[in-house]
Amino acid sequence: MGRNKKKKRDNDSRRPRLILSFDEEKRREYLTGFHKRKVERKKAAIEEIKQRLKEEQKKLREERHQEYLKMLAEREEALEEADELDRLVTAKTESVQYDHPNHTVTVTTISDLDLSGARLLGLLPPEQEAGYGSEEEASSMEKPTKALPRKSRDPLLSQR
């Protein structure tokens, strides 16, 4: 029924035999080292988290610095534009002097710019001024109101 097979032992001579040695100290280290290895893994994880946190803070710091530089560049650009506007305004100045017997009058024309359109002087544009109605209302709105002086308590008892 079954055939007898001869086992070949020729292949075993080619590879070296595995030798196991039993070391009681290494066994004890393996069995009692679970807690120690767990603590090591926790320390390694904490160190990795700290490293990531430092990198993230460094990245945020760099982003804030880039934002600051961008804002600074925009501000410098705005100042340059303002300086250019000042240069344009002051470039168109004309001075005329009138001599009178007692004094000298100097009339300086700064510019022909309409600064009320951009609300730079706080004045209303001419279209909005016309919409207020009569001139009396416009003149009353332009006049500043003054507070009344305090009345003395009793004029007869005053020290004056």
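Author: Here are the salt bridges, taken helix by helix. This is a predicted model, where local features need pLDDT of at least 70, side-chain atom pairs count only at pLDDT 80 or more, and totals for chains, interfaces and linings use all residues. Residues are numbered from 1 along each chain as its sequence is written, and side-chain values use heavy atoms, with hydrogens and water left out.

The structure holds 4 salt bridges. The term means a side-chain nitrogen of Lys or Arg within 4 Å of a carboxyl oxygen of Asp or Glu. Side chains of opposite charge can pair when their charged atoms come close.

Start with helix 1, residues 24–32. Helices here are DSSP runs (H or I, at least four residues), numbered from the N terminus. Arg-27 bridges to Glu-24, with the closest N and O atoms 3.5 Å apart. The two sit 3 residues apart, so about one helical turn separates them. Arg-27 is partly exposed at 42% relative accessible area. Glu-24 is partly exposed too, at 35%. (Buried means under 20% relative accessible area, exposed over 50%, partly exposed in between, with a 1.4 Å probe and protein chains only.)

Helix 1 also holds Glu-25 and Arg-28, 3 residues apart, about one turn. Their side chains form a salt bridge at 3.2 Å, N to O. Glu-25 is exposed at 51%. Arg-28 is partly exposed at 42%.

Now helix 2, residues 34–91. Arg-52 and Glu-48 meet in a salt bridge at 2.7 Å, N to O. They lie 4 residues apart, about one turn of the helix. Arg-52 is exposed at 55%. Glu-48 is partly exposed at 42%.
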